[in-house]
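Work through the exercises below with the model open. Try each task before you read its solution.

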Amino acid sequence: MATVHLRIGDLVWGKLGRYPPWPGKVVSPPKDLKKPRGKKCHFVKFFGTEDHAWIKIEQLKPYHPHKEEMIKINKGKRFQQAVDAVEDFLKKAKGKEQCSDGKGDTKGKKTSNKPLKILEEDDEDLSALRDPSEKDLTDSDPESSTAERLGTGAASGFKWESSPVKDDPHFHHFLLSQSEKPASSMEPISKRLKIIEEDTSSTSIQAADSTAINGSVTPTDKRIGFLGLGLMGSGIVSNLLKMGHVVTVWNRTAEKCDLFIQEGARLGRTPAEVVSMCDITFSCVSDPKAARDLVLGPSGVLQGIRPGKCYVEMSTVDPETIAELSQLITTRGGRFLEAPVAGSQQLSNDGMLVILAAGDRSVYEDCSSCFQAMGKTSFFLGEAGNAAKMMLILNMVQGSFMATIAEGLTLAQATGQSQQTLLDILCQGQMASTFVDQKCQNILQGNFKPDYYLKHIQKDLRLAISMGDMANHPTPMAAAANEVYKRAKALDQSDNDMSAVYRAYIH
């Protein structure tokens, strides 16, 4: 295929990593933002969002020749909003041009039939990108989003000439999600990170977007250990390695370690060996029993703990398990932090998890570069146990909501209504979200490949209900949802995605 020559101001389709092609405009990068190493690339502003990114030339296609093709293969709501934003931009640019033609060229200004203003290549002032028509467009855009919210719809029909960005170790995303003050997103990462103090004494380390900091994060010089390479752990370890951390891994099924060894990880023969070799050891396993066994079992974590060693429990477990593990670790002189994560396998792979941490504040700070690599935001919630409570509440809400979605889809079918139309209506209303869109698409396509195991969301519901009982607080909605998930498990859906709860209603 012939090389496409692009210049500042051109409209394009840009493909970022595993996300579908998205409409954008080639713009000048801010002068303090260095172009990443590797192949030639352009700095692109995406329509319908507040995102910018460096995109390789081979991941860019001209907008107009491929417009119809892109519209056919991507039906998501946010995608359509982005296309509408492009059309609005073109209309305003055309109107501006006609107005200019009517006034004549009295000052020798260059007029052109091109619909967009072409900026000079050496114009490095970001404010130059925001001409009046572009500013109006931005003001009318839908709510700002991050890269993970671009991931709606399929892109299988579009052929790109190179492998995804994620396969190139020298080319990171450098995505910039702008805040109310655009200049702040251009500051060094050390300045963009911030601690937010609240009355509840909870704090968070935040950045505009995970992928923005993933490209420039400075990895800690501490040796990192990681125990558990399941759906979530695998993505976390991959991102830790990509960002330059020294990681030693262990998994109950040793074969799962092979891929990460090839990517540069070191192999630990037992949990005790990993802890003894590393300064900070993370664990991410399936449930409270697995978490306890990992610490207390033969050649377990506890045998490797020495004064000053840090242990970070990332599993979603109950507060009582956290209290027990914290006491076991600290009585040996170790330092303990809980840090369960909100997200899914896809968000784990993309480094877009939300980390909820509690326990030793100094460990939380020591884990800063690790949390930046694996997530978009991390919160410190105070004493150990608080993160477990918050995580169970979040998953209780999510699990109950998923069951309600499945119930609505089956009721639509039972009453002769179109399930696809129901989804389209949901995606145009107040409940519109990536979660609703993706889970409903899973159901309609019969695709229940696990992104978050059904058995795990049922476990979280059970633990949340138990937590409510201990607090003498009713949880009738969660209890009802839990029964539906239990029926789905009886139908052999445990190892499918949580959206497979749908099958509990049709069998």
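**Exercise 1. Which elements cover the buried residues of α11?**

Start with the ground rules. This is a predicted model, in which local features need pLDDT of at least 70, side-chain atom pairs count only at pLDDT 80 or more, and totals for chains, interfaces and linings use all residues. Residues are numbered from 1 along each chain as its sequence is written, and side-chain values use heavy atoms, with hydrogens and water left out.

Step 1. Locate the helix. α11 spans residues 319-331. Helices (H or I, at least four residues) and strands (E, at least two) are DSSP runs, numbered from the N terminus.

Step 2. Check its length. The 13 residues of α11 reach 18 Å from first C-alpha to last, close to the 18 Å expected at 1.5 Å a residue. The expected span is 1.5 Å times one less than the number of residues.

Step 3. List the buried positions. They are Pro319, Thr321, Ile322, Leu325, Ser326 and Ile329. These residues cover an arc of only 150° around the axis, so they lie on the same side of α11. The arc is taken over the directions from the helix axis to the C-beta atoms. Buried means under 20% relative accessible area, exposed over 50%, and partly exposed in between (1.4 Å probe, protein chains only).

Step 4. Turn to the other side of α11. Gln327 and Thr331 are exposed there.

Step 5. Name the cover. It includes the helices α9 (288-296), α10 (301-304), α15 (386-414) and α18 (454-470). The strands β13 (310-313) and β14 (335-338) also belong to it. A contact means heavy atoms within 4.5 Å.

Step 6. Look just past the helix. Gly333 takes a positive phi of about 90°.

**Exercise 2. Describe the setting of Thr321 in α11.**

Step 1. Take the accessibility. Thr321 counts as buried because its relative accessibility is 0%.

Step 2. Find the polar partner. The Thr321 side chain makes a polar contact with the side chain of Asp318, at 2.9 Å. Such a contact is a pair of N or O atoms within 3.5 Å; within protein, one must be able to donate a hydrogen and the other to accept it, and residues adjacent in sequence count only if both atoms are side-chain atoms.

Step 3. Leaving out residues up to four places away in sequence, Thr321 touches Pro288 and Arg292.

**Exercise 3. How many disulfides does the structure hold?**

Step 1. A disulfide is a pair of cysteine sulfur atoms within 2.5 Å.

Step 2. Count. The structure holds zero.

Step 3. Inspect Cys310. Its closest cysteine sulfur is in Cys367, 6.7 Å away, which is too far for a bond. Cys310 is buried, at 3% relative accessible area.

Step 4. Inspect Cys370. The nearest cysteine sulfur to Cys370 is that of Cys367, 5.6 Å away. Cys370 is buried too, at 0%.
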